[in-house]
Amino acid sequence: MENLAAMDLMRSEKMTFVQLIIPVESAHHAITYLAQIGLLQFRDLNADKSPFQRTFVNQVKRCAEMSRKLRFFKDQTQKAALLPSPRPASQPDIELEELEIHLAEHEHELIEMNANSEKLRQSYNELLEFKMVLQKASDFLVSRRSHTTAQETELNENVYSNDNYSDTASLLEQEMQPELSNQSGVRFISGIICKSKIVQFERMLFRTTRGNMLFHQAVADEEILDPSSNEMVEKIVFVVFFSGEQARSKILKICEAFGANCYPVPEDVTKRRQITREVLSRLSELETTLDVGLRHRDKALTSIGFHLTKWMNMVRREKAVYDTLNMLNFDVTKKCLVGEGWCPIFAKTKIQEALQRATMDSNSQVGIIFHVMDAVDLPPTYFRTNRFTNAYQEIVDAYGVAKYQEVNPAVYTIVTFPFLFAVMFGDWGHGICLFLGALVLISKESKLSSQKLGSFMEMLFGGRYVLLLMSIFSIYCGLIYNEFFSVPFHIFGGSAYKCRDASCSDAQTLGLIKYSDPYPFGVDPSWRGSRSELPFLNSLKMKMSILLGIAQMNLGIILSYFNARFFNSSLDIKYQFVPQVIFLNSLFGYLSLLIVVKWCTGSQADLYHVMIYMFLSPFEALGENQLFWGQSVLQVILLLLALVAVPWMLFPKPFILKRLHTERFQGRTYGLLGTSEVDIYEEPDSARQHHHEEFNFSEVFVHQMIHSIEFVLGAVSNTASYLRLWALSLAHSELSTVFYEKVLLLAWGYDNLIIRLIGLAVFAFATTFILLMMETLSAFLHALRLHWVEFQNKFYHGDGYKFKPFSFVALADDED
């Protein structure tokens, strides 16, 4: 632990731009060892080349081909419904070339087995269909013979008979050959077709023959396995009676078009029985052959499955290594590869150790050169997080990745985000439910982290520590609001109020009287149900929302000061931080002061009147709305400061930047070339590009004007936006009250167990799905909006890019 560098979540890790000169014989080992530590982000030096023009394109193709074969093995294993190996088999390391040969042999063997199995399965299906056609067609023929003797005579000779057929051939072989009948009269064609096509098939036959046919059908006794989809298909056996050679050819074409398989069925009962026996005999042989083939294929797949995971990881890593090698360039001698990239400063020692190990393992006579270079580009942003802070960092990164060394809002989001959520969700009964859910997720952390979860469950599990803090703060705010599923409790002592008499008959009309000190913590339980409950809670939560909003916006402006100070930008401090603090606090800071003074003094002053007439009639006497001595004079001073702050933000900065730019290129102040006033300071969306473009004063001025107007208008709109804390808190409280009084208490008023159980079930359902799920999501989204818009826009640019080192661990995560 002592060797690890201290983690700094306030600002991103300090990065350095490095160059590697690697001998060719050490390149593969070096990249592999660097991927194992995962602390170096390579820069693509061949960005102008297509993938087919790069050095190691053949190796990448080989790895891609091996990946295809491994995916084929995996698909075959899943198709065969074989369980994967619980643990990779212990096997000595295998070289990539040897693995390539093994995979080719296994693929050839599997393809050959699949082809043989498919042919056998096709023959088996045909025989199975033939057997069912023989059975069903026999029923049709017997049924038809029982109706009329004349028709039996006409159909006595089979349409498929052939006089020249060899007597030595088996009856099955005779019947399977295409034959023509030389006799006229009523004929029939028998076959089998998928059940989904039978309606269209029959309609087409009827239209083609113009109704001159007789169609019989019956459901097959067994389902047929479709080799392409590996699913069982239900089929229908049919017999079509017709007359004439032309009708026969049309029917056969329709059968072919609909994918129906036609089979010859002899009229003679003896022949049918003999053919049936031959079919059953061949089916039995094919079943045995298929079973042996499947066992042999499953055995081969099982042996592959023992090593499949290890092989897939190996090929994936090798492909990633060669992809990274393709980002490197050859030097002039063509004996060394040159690579560039970013790494944290604390990781330089680990990287050098890995490179030394690569030189030794590759038996190279020349060492790998590792040295630091100066870079023009902005470094990537890298925050080292743990299981607790990662979720909060992801919340911030979803808005935008921090610029290099910019203040990280995630440090403050850890506290402010769950707290603002709890202000809207405050109920310590609901908070306990969320707390128990968070504890369950945390207790099963090791088990769930190794499983593949659904999208919703994965999101919930990833934010388990966010949910934990949200529930703890909800319990805290619920104790302040004194709400347990909307029911108040005397937790911290008795109420400060009592009835005027023992009957309490005038409690709802005249109200209660105060007889002791205020309730020690939170809202007095006696406010619940009183006639002034709603006005009191509305006033409390509305004013509290404004105080919290002004405090968080001031925190954002203060953080912009630390940003400017860190980047040595005195312009931002003098002409952005100072006027913003003055403007915000001259108006809304003053409003916060009035709220606190009114609470402390118990005054009945109308703050709406005070703030409105501060602008309309600043010199008019306040009268009964005066809260303290000198308030009128203070209002005028604050109003003047707010008016002065607007041009202070707007005009000086563009003119000073223009003067600095002019002096820089006139040669009088070359010392400013390395300062942040001109070089380091750069607005994220500014049109001013000082490296190779001329200074455009109009664009800089318009940008500053937009920025100033946005802040002035945002000060009003953002303050009003924090009133959502009051609105959602009130909505949550009122919903809880409705469900408690109109569902649970109403059901409990009946002296019937069934009604009470129904009321309890409805109350539990409403509490779970509306208050604990929908209200939680709503409060979460509103807290997210307050952080992204109202808080972060005061100081956070969020125009950086993440540090993405080449790492085998990240490679496995991406694959998952």
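Lys136 comes out as buried, at 16% relative accessibility, where buried means under 20% relative accessible area, exposed over 50%, and partly exposed in between (1.4 Å probe, protein chains only). The model here is predicted, so local features need pLDDT of at least 70 and side-chain atom pairs count only at pLDDT 80 or more, while totals for chains, interfaces and linings use all residues. Residues are numbered from 1 along each chain as its sequence is written, and side-chain values use heavy atoms, with hydrogens and water left out.

Back to Lys136: its side chain meets that of Asp221 in a salt bridge, at 3.1 Å from N to O. A salt bridge is taken as a side-chain nitrogen of Lys or Arg within 4 Å of a carboxyl oxygen of Asp or Glu. Distant parts of the chain get linked this way, with Lys136 in helix α3 (residues 96–147) and Asp221 in the loop between β4 (214–219) and β5 (224–226), 85 residues apart. Helices (H or I, at least four residues) and strands (E, at least two) are DSSP runs, numbered from the N terminus.

Another pair joins Arg187 and Glu245, whose closest N and O atoms sit 2.7 Å apart. Arg187 is buried, at 8% relative accessibility, whereas Glu245 is partly exposed at 39%.

Lys319 and Asp323 both lie in α8 (residues 269–325), four residues apart, or about one turn of the helix. An α-helix has 3.6 residues a turn, so residues three or four places apart point the same way. The side chains of Lys319 and Asp323 form a salt bridge at 3.3 Å, N to O. Both ends are partly exposed: Lys319 has 27% relative accessibility, and Asp323 has a relative accessible area of 31%. Elsewhere, salt bridges with shared partners join Arg43, Glu340 and Asp377 into one network. The structure holds 23 salt bridges.

As for helix geometry, α16 (residues 533–566) has 34 residues and reaches 49 Å from its first C-alpha to its last, close to the 50 Å expected. That expected span is 1.5 Å times one less than the number of residues. After α16 comes Asn568, whose phi is positive, near 55°.
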